[in-house]
Amino acid sequence: MKDYLTLERQELSNYVERPFFEALKYTAAEHGYKGFMPKTRFLYRRFMDYVWQLMSKVVPYSKMRVVLQRWRGVKIGKNVHIGTDVTIDAVYPNFVTIEDGVSLAGQNYILTHNKPLEYHKFISESYVAPVFIRKNAWLAVNVTVLPGVTIGEGAIVAAGSIVNKDVPPNTLVGGIPAKVIREFEMKDGFPVGYKK
């Protein structure tokens, strides 16, 4: 497998239930941990990642949520708002990039990997792919973003939507799966209404 830090779509093996120590060895290698005490370093990182994710869901301040998610490896720009109970991929948070001015309203899920059971290997792909949320995008409450998606600059994703493909810039999308509802009319770089 390629270096997992490369931000491009990469194939993963399918999920197989293993005894703890065997799974730890396998998963540490899959995540690129080599050299000195790879299993221990990986286990520590996963434990801290889990703690930071839990804390980021409940702390009362957006700025602290941003700090905790950055500690996890999420690339986050300036003036970003993260609401309560936001889940950013528990296994590959480093595959998420959130640019300046983005707002995640709350109860959002941002997923970067799909890892079905070995049993389903002929039905569903197993992979990790980066998610990009471009400048000034707004994800309303309870939005789910699936792996490999780019949310365009200035886009709004309506509450309760599931986004399974790229969202064009300066549009309102919504639904399951999310589709373009309206395009914004722009003036001096700001949305001023909807195109007719």
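Student: Which residues does Thr112 touch, not counting residues up to four places away in sequence?
Tutor: Bear in mind that this is a predicted model, where local features need pLDDT of at least 70, side-chain atom pairs count only at pLDDT 80 or more, and totals for chains, interfaces and linings use all residues. Residues are numbered from 1 along each chain as its sequence is written, and side-chain values use heavy atoms, with hydrogens and water left out. A contact here means heavy atoms within 4.5 Å. Not counting residues up to four places away in sequence, the residues that Thr112 touches are Asp89, Tyr92, Phe95, Val96, Tyr127, Val128, Ala129, Val131 and Pro147.

Student: Does Thr112 count as buried or exposed?
Tutor: Thr112 sits in the loop between β7 (109–110) and β8 (113–114); helices (H or I, at least four residues) and strands (E, at least two) are DSSP runs numbered from the N terminus. The cut-offs are under 20% relative accessible area for buried, over 50% for exposed, and partly exposed in between (1.4 Å probe, protein chains only). Thr112 has 0% relative accessibility, so it counts as buried.

Student: In what order do the strands of the open sheet with β2 and β13 come?
Tutor: Two strands count as paired if DSSP finds at least two bridges between them. Four strands with parallel pairing make up this open sheet, in the order β2-β5-β10-β13. β2 (75–76) and β13 (150–151) each have a single partner strand, so one side of each is left without a neighbour, and the strands at the edges are β2 and β13.

Student: Which residue in β5 is the bridge partner of Ile76?
Tutor: β2 and β5 (residues 96–98) run parallel and are joined by two bridges. In β5, Ile76 has as its bridge partner Ile98.

Student: What is the bridge partner of Thr144 in β15?
Tutor: Two bridges link β12 and β15 in the parallel sense. In β15, Thr144 is partnered by Ile162.

Student: How many residues lie between β17 and β18 in their hairpin, and what is the phi of Asp188?
Tutor: Strand β17 (residues 179–187) and strand β18 (residues 190–194) run antiparallel, with four bridges joining them. Within this pair, Glu185 stands opposite Gly193 in β18. The hairpin has two residues between its strands, and Asp188 in the turn has a positive phi of about 55°.

Student: What phi does Asp85 have?
Tutor: Most residues other than glycine have a negative phi, and most peptide bonds are trans. Asp85 lies in the loop between β3 (81–82) and β4 (87–88) and is partly exposed, at a relative accessible area of 34%. Although Asp85 is not a glycine, its phi is positive, about 60°.

Student: And what is phi of Asn142 near?
Tutor: Look in the loop between β11 (138–139) and β12 (144–145) for Asn142. With a relative accessible area of 40%, Asn142 is partly exposed. Asn142 is a residue other than glycine with a positive phi, near 65°.

Student: Where is the peptide bond that is cis with omega near -5°?
Tutor: One of its two residues, Pro177, is found in the loop between β16 (171–174) and β17. The cis bond runs from Ile176 to Pro177.

Student: Which helix gives the largest share of the lining of the largest pocket?
Tutor: A pocket is an open set of points on a 1 Å grid over the protein atoms alone, where a 1.4 Å probe fits, with protein on both sides within 12 Å along at least five of seven lines; lining residues have an atom within 4 Å of a point. The lining here has 19 residues, with Tyr15, Ala23, Leu24, Thr27 and Arg46 nearest the centre. Both α1 (20–30) and α2 (38–58) supply at least two residues. The largest share, six residues, comes from α1.

Student: What radius of gyration does the protein chain have?
Tutor: This value is taken over C-alpha atoms, and the globule rule is 2.2 Å times the number of residues to the power 0.38. For 196 residues a compact globule would come out near 16 Å, which agrees with the chain's 18 Å.
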